[in-house]
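Please keep the viewer open as you read.

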Amino acid sequence: MTSQTYDANNIFAKILKGEIPCHKVYEDNDTLAFMDVMPQAPGHLLVIPKVGSRNLLDADPAVLAKLFPVVQKLAVAARDAFEADGVLISQFNEAAVGQTVFHLHVHVVPRKEGEALKPHSGKMEDHAVLAAHAEKVKACL
Ligand code: AMP
């Protein structure tokens, strides 16, 4: 079984510390949202709590209570920004089910009917495209 310890040097912790950049969409005292660099559809973004946990399984319920209203806010904004027919919310817990970054995060993926999802952790998107998509979502917040 995977060790359940939180590694404070994971890539999202580094984004939170400002050590590596991101295309930020939203921030408050408890939460950060930014574009996924390997989007499964245009507008794919991630919402993370500032408090570290590996995933949902070891998260403080009080952290989840603050996180999910922000997930909702971003899902509505992403839907509006990309004129989506629906919004996929996904969240992976441990490598066995596809988790690759071990800081709790929620995927928000606006989707158009009939458009297939690209592979999870597939191809890196252009930074100019990600920056433009972040602006589109911000304009709908
Ligand atoms: P998961 O498999 O649920 O752990 O998803 C991790 C997600 O983080 C994937 O969709 C990656 O494309 C995305 N990702 C990895 N590194 C970065 C990064 N530096 N900035 C934004 N998204 C990232």
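A search of the whole structure finds six salt bridges, a salt bridge being a side-chain nitrogen of Lys or Arg within 4 Å of a carboxyl oxygen of Asp or Glu. Before we visit them, please note that this is a predicted model, in which local features need pLDDT of at least 70 and side-chain atom pairs count only at pLDDT 80 or more, while totals for chains, interfaces and linings use all residues. Residues are numbered from 1 along each chain as its sequence is written, and side-chain values use heavy atoms, with hydrogens and water left out.

**Salt bridges**

| Pair | N to O distance |
|---|---|
| Arg54 and Glu94 | 2.6 Å |
| Asp80 and Arg79 | 3.0 Å |
| Lys138 and Glu135 | 3.1 Å |

Which parts of the chain does the pair Arg54 and Glu94 link? Arg54 sits in the loop between E3 and H2, and Glu94 in the loop between strand E4 (86–90) and strand E5 (106–111), so these are distant parts of the chain, 40 residues apart. Helices (H or I, at least four residues) and strands (E, at least two) are DSSP runs, numbered from the N terminus.

Are Arg54 and Glu94 buried or exposed? Both Arg54 and Glu94 are buried. Here buried means under 20% relative accessible area, exposed means over 50%, and partly exposed lies in between (1.4 Å probe, protein chains only). Glu94 counts as buried because its relative accessibility is 8%. Glu94 also has a phi near 85°, a positive value in a residue other than glycine.

Asp80 has a relative accessible area of 36%, so it is partly exposed, and Arg79 counts as partly exposed at 38%. Lys138 and Glu135 are three residues apart in helix H3 (residues 127–139), which means that about one helical turn separates them. Lys138 is partly exposed at 36% relative accessibility, and so is Glu135 with 47%. Elsewhere, Lys24, Glu27 and Lys50 are linked in a network of salt bridges.

Leu56 is found in the loop between strand E3 (45–49) and helix H2 (61–81). Together with Phe68 and Ile89, Leu56 makes a nonpolar surface patch of about 230 Å². Patches are made of residues with over 30% relative accessible area and no salt bridge, where like charges are joined within 9 Å and nonpolar side chains (Val, Leu, Ile, Met, Phe, Trp, Tyr) within 5 Å. With a relative accessible area of 34%, Leu56 is partly exposed.

What does the side chain of Asn93 reach? Asn93, in the loop between E4 and E5, reaches the backbone nitrogen of Leu56 with its side chain at 2.9 Å. The Asn93 side chain also makes a polar contact with the side chain of Gln91 (2.9 Å). A polar contact is a pair of N or O atoms within 3.5 Å; within protein, one must be able to donate a hydrogen and the other to accept it, and residues adjacent in sequence count only if both atoms are side-chain atoms.

**The ligand**

Of the 18 residues around the ligand, Asp36, Thr100, His105, His107 and His120 come nearest; a residue is near when one of its heavy atoms lies within 4 Å. An N or O atom in the side chain of His105 is 2.7 Å from an oxygen atom of the ligand. The backbone takes part as well: a backbone N or O atom of Gly98 lies 2.9 Å from a ligand oxygen, and a polar backbone atom of Val101 is 2.9 Å from an oxygen atom of the ligand. The protein covers 93% of the 500 Å² of accessible area that the ligand has on its own. Accessible areas come from the Shrake-Rupley method with a 1.4 Å probe; for residues, only the protein chains shown count as cover.

**The nonpolar core**

The largest nonpolar core has 23 residues, and Leu45, Val47, Leu74 and Val137 have the most contacts inside it. Such a core is a set of buried Ala, Val, Leu, Ile, Met, Phe, Trp, Tyr and Cys residues joined through side-chain atoms within 4.5 Å. The elements giving two or more residues to this core are strand E1 (24–27), strand E2 (31–35), E3, H2, E5 and H3. H2 gives the most, with nine residues. Leu45, found in strand E3, counts as buried because its relative accessibility is 0%.
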